[in-house]
Amino acid sequence: MAIIASSAAFADGHAAPEAEVLHYWTSGGEARSVAVLQEEFAANGGTWTDMPVAGGGGDAAGTALRARVLAGNAPTAAQIKGPAIQEWYEEGVLADISEVAEANNWSGILPEAIAGHMQCDGTWCAAPVNVHRVDWIWANAEVLEANGIEMPTTWDEFNAAAETLQAAGVIPLAHGGQAWQDATVFEAVALGILGADGFRKAFVELDMDTIKSDDMIAVFDQMRTMRGYVDDNFSGRDWNLATAMVMNGEAAFQIMGDWAKGEFMAAGKVPGEDFLCLSTPGDGFLYNVDSFAMFAVDGDDKQAGQALLAELVVGESFQEVFNLNKGSIPVRTDVALDNFDSCATLSADDMAASNEGGSLLPSYAHGMALRGAQAGAITDTVTAHFNSDMSSEDAVQMLADAIANSL
Ligand code: BGC
């Protein structure tokens, strides 16, 4: 059944929906996922112009988007998330999609915390796609079994496993040395060591006592230890190539959000058999919600395209099929998880439990917790430390200074 977008232009039948969509879903699993959206868009009469910008974590896409908007040539829609949505809104360049949101009862079907990210001054300014969890460890099942290793549930266990693997000639940790990947590992370690309250204080509230604490020194100590578990060629490696190292048994573990599961699935690997998933040591859940914001553009066809796109991404069928491919879970609470695997159900259960227990937290490394300047200041420190012999004490001082200067 065709979905009727609630945009007046489309409903009147005057304009065929068109959208130029800027996104950064270019790896194998990501491309399969975005194809689902392109197909649904076309099936509903839309014409999609693809504007993919390669680069994990979306930094390159963010730069490309800024250049387009500054040149007065904004795309119809762009993959933007977290406080960046509000930052763009404040620049006065986003379209209001409240009509679609209200017609489709978004406030009734989205968790409140997530709905909040999609709103700007009481209007709806972005459409959510999924919930990715960031704090995951992925492992090659055969490599662990061959070395008598269980999935680690503490950082000490992780380190002990890594030592065993290293002695056996296996790379313990597949890692790509790009700033956002360093930040991804760092925030998982920080959640484990600081705990959920400490994480919130440090990376949501920017509380200086927590930032300068001994626990933060311990976080950098663990990062230094883990630097010893990556191979010599890690610099600049793309995250999906690191996932491939785990897939082919060259490395045992990867610490990465569940878009990595999309890569395993795209390669036909089976969770629980070929690869294992477990949340990184410690309590809590770091969420990362992908979303599309629409830019204020002229043309009934484009506005119809925006309405259709917004309606589709929150639609039930897209939420299921897209997230099965993407490795994430549906953002809607009313989509059944019967067809999802054990990693996805673990994610959904942990999300519900952490929401109850107050440990559901926005990912700083994936742009959900802080504005760009503050997140950038933290990541610069993390990556400077990881790629040098800087002491943990110096890293903590640099972190405190960088955050203070970014405010
Ligand atoms: C995005 C994911 C994406 C990943 C790698 C994350 O920040 O939320 O959708 O797959 O980066 O590019």
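Predicted model: local features only at pLDDT ≥ 70, side-chain atom pairs only at ≥ 80, totals over all residues.
1. Helix pair, geometry. Helix 2 (residues 28-43) and helix 15 (residues 300-314) have axes that come within 10 Å. The axes cross at roughly 125°. The crossing of helix 2 past helix 15 is right-handed.

2. Helix pair, contact. Helix 2 contributes Leu-37, Glu-40 and Phe-41. Helix 15 contributes Gly-305, Leu-308, Leu-309, Leu-312 and Val-313. By class, this contact holds six nonpolar residues, one polar and one charged.

3. Largest pocket, size and centre. Its volume is about 730 Å³. The lining of this largest pocket counts 30 residues. Nearest the centre are Gly-57, Gly-58, Asp-59, Ala-84 and Gly-367.

4. Largest pocket, lining. Four helices each supply at least two lining residues: helix 3 (59-70), helix 4 (83-90), helix 10 (179-203) and helix 18 (372-386). Helix 3 gives the most, with six residues. The lining of the largest pocket splits into 14 nonpolar, 10 polar and six charged residues.

5. Second largest pocket, size and centre. Here the volume is about 310 Å³. The second largest pocket is lined by 17 residues, and Pro-111, Pro-330, Thr-333, Ala-348 and Met-351 are the closest to its centre.

6. Second largest pocket, lining. Helix 7 (112-117) and helix 17 (342-357) each supply at least two residues. Helix 17 has the largest share, four residues.

Terms used: Residues numbered from 1 in each chain as written. Heavy atoms only, no water. Axes fitted to C-alpha atoms, helices over the stretch in contact; angles between N-to-C directions. Left-handed = near helix turned anticlockwise from the far one by under 90°. Contact = heavy atoms within 4.5 Å. Nonpolar A, V, L, I, M, F, W, Y, C, P; charged D, E, K, R; others polar. 1 Å grid on protein atoms, 1.4 Å probe; cavity = no way out; pocket = protein on both sides within 12 Å on 5 of 7 lines; lining within 4 Å. Points joined across faces, edges and corners; volume = space filled by probe spheres on them.
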